[in-house]
Amino acid sequence: MSSMGFANIISLCLVSYLVAVESVVTYTSWRLENMTDLLCPDSCRQDTECCACENKRSWELEGQVVNLHVRYTDIRGSSIVYIYWNDLNYNHTRLSHIHGRLRKLPMNICSYPSIVEIVLDNNEIENLDGINCLSNLDSLYLTHNNLEIIRKTTFQNLKHLRNLYLGNNKIARIEPNSFSLSGGQYILNIDVSSNQLESIDVTNFALKAFCKISYSNNRKMLKIANKLDIKTAFDEKIGCGGEIEFENCSLHSFFNYSDFGLDAWNKIYKNLDFSLSFISDQLTCDCNMAELFSGGTAIAIMNKFWRQMKDYVCERPDELNGTKLIDIYKTNSEKQDLLICNITDSCPRKCHCFNQPSHDRVVVDCQGQNLQTMPENLPWGNGDRLELLLAGNNIQRMEFRPYLSRVAELDLSGNPLSHISEIAASVFPDDAKLNATGNKLSSIPRHFQNRNPIFLSLGGIFITCSCEDLWMKTWLSFYHEDESHTSYICQNLGGKDITVADFTSLHCSPDTSKLNIILGSLACFLIVVILCIIGRLFLFHEIYIIYRRRLRRTVRSREFDYDAYISFNDEDDQQRKWVLNNLAKYLETRGHNLFIPVRDAELAVARDEYLRSRIQTSRNFIVILSEKYFSQDGDGTEITQQTFTQFEFNIIWRRYRTDMRRNLIIINFDNLSASDIKNRWVKACCRVGEIEDFTERQGLLMEIIERKMSPPCGKDN
């Protein structure tokens, strides 16, 4: 062999060795609540989302697992398991028997508590009775079997279960909380795809921690249920960056926020830390779609939550067929009115009831149904406004109904209405609209004097006026005649409008209604003045913060040298690393020009004036609030640093208050409460929710900061 050939062989061996060394994956201990025996690849850098999917247990890496064997005991699929004598010393065992004819778990399986993995795909297993005894079971593979039901107690005691694969069975029912283990343990991967489920409870997919859950390719029309009426706590997190799959499923409609225990979709950023993979060609674009963007929920947040949203095309209703959902909100906002949900519960017979989020209302349409009386009960919905349409019926009396107190609009036009009861008028909201044109009224209840007549459309009312009706003259004169949509005609006083009719011939005693209204208005004015004084003395700081929040500006400006000045205690290693390695990197890659004193300040200049000039030329201010930002405790080094942060904040606050173009973003790095904060202005920011919590919102914190800032000087808005 020539020396050149030998050298090539040596080089090839060296390269192969280096590749092998490079491909070695190293692991470090990782903990997820009470799951303390997990190992996470070092490449994950202890990131929860990565570790939840890539973790392993020590027996997987060591390879110290031996196989158990199956022996059938009859032709009906009964069996036992056994182990070879030379394998008895191993602590971990695996049961693998695929493409068999097992109809149930082996009879003596509980005699082997060392089982960590079961692989019984492609058998005929009908139930999982007895599996609870395997307290060390880590992974269970039972795809392509005959399972029909999963009960709450099936996996409850399997505290080490991480992986559960039950796809392609005949599962038609999963009881609530079937995948919730006790003691802070979690099944991180769950596959129940290709089954026959008709209902999925929220407790079986909105889990506190998981990597992937799949309900894809279900063969039935699915409903999402919340049978236990689960509510997500204000500070509770669901998921840890995992993914839920509902691909190729037929859902009656898209998820409602209540399916996740939320009270509105805009709580997604705070409570839901997972993404949804949802693909369906039969989904109706209804009120649940509309509510996705209600309450100011950003499209970017929804895109992250539902990955396919930008490509989703509506199939129903017919008017929206072929329309992209995202376009309804960007270019076809008028079509949002078509995103409704029909309501059947408590909907009166012959009526059409639906929820319409675009107008935040529930509509009950009973027009032209020959009704003799008003409906006894009406449905509740997600909207705040109830609109009751009763036009064109045969209703003669507007009587008290419990639902009248939540009615925003009542249409009784085209009815032979001859009476409105006082109690009905008393519960009917003062700002609710009443349309009763085409009526046979000869009087109106006196309770209407508490409302603005502009909300009443009664057409023409012909009254035999008496002294008891004098209040109407005072009432209408006080609100001005041109604000009324109703003519009140005194038939016995020359057929004149009541506002100009002469009541002298009736010899009425002086009416004090106008005086009462004036005195009442004066009393209300005095109360408002007193409240303003109290607010100025005790709540001035909070009121000002709310006022500035409403004036926040995010338009482009080229008048500043820096997009943001970042103030923080740079003696704190954790803060310094986060600011320089995370926050600054995120903002600067998006075109923002930042000034960070610890990084950018020139050492050979007077620091006070130098920092003052940099604050003066910065458009936005980002303050990283910590325990020692304002504190004066500690050694001399800390006092010097805290003196500068106090100095920085004083200048920042002065510029923020005097220049409405500037924005202030405060990050609560140490999760301080209002009582922990000494600065009165920062305390007020905390009380009105104008401080971003570093720990609770870290997943979206960067996006929130950028959204509150003005666009970079070189970017268009």
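## Strand pairing and a surface patch

Strand S22 and strand S24 (residues 407-411) run parallel and are joined by 4 bridges. The model is predicted. Within this pairing, Leu389 stands opposite Asp411 in S24.

S22 also pairs with strand S21 (residues 361-365). That pairing is parallel too, with 5 bridges. Here Val363 has Glu387 in S22 as its bridge partner. S22 itself covers residues 385-389 and is mostly covered: 4 of its 5 residues are buried.

Strands of a sheet pair through backbone hydrogen bonds, either parallel or antiparallel. Further along the chain there is an antiparallel case. Strand S29 (residues 486-490) and S30 run antiparallel, joined by 2 bridges. Cys490 has Lys496 in S30 as its bridge partner.

These two strands belong to an open sheet of 3 strands, ordered S28-S29-S30, with mixed pairing. Its edge strands are S28 (459-463) and S30 (496-497), each pairing on one side only.

The pairings side by side:

| Strands | Bridges | Direction |
|---|---|---|
| S21 and S22 | 5 bridges | parallel |
| S22 and S24 | 4 bridges | parallel |
| S29 and S30 | 2 bridges | antiparallel |

Now the surface. Leu522, Phe525, Leu526 and Val529 form a nonpolar patch there. Together they have about 370 Å² of accessible area. Val529 lies in helix H10 (residues 513-538). Is Val529 buried or partly exposed? Val529 counts as partly exposed because its relative accessibility is 32%, and the partly exposed class lies between under 20% for buried and over 50% for exposed.

Terms used:
Residues numbered from 1 in each chain as written. Predicted model: local features only at pLDDT ≥ 70, side-chain atom pairs only at ≥ 80, totals over all residues. Heavy atoms only, no water. Patch = residues over 30% accessible without salt bridge, like charges linked within 9 Å, V, L, I, M, F, W, Y side chains within 5 Å. Areas by Shrake-Rupley, 256 points an atom, 1.4 Å probe, with all protein chains shown as cover. Salt bridge = Lys/Arg side-chain N within 4 Å of Asp/Glu carboxyl O. Buried < 20%, exposed > 50% of the residue type's maximum accessible area, 1.4 Å probe, protein only. Pairing = 2+ DSSP bridges.
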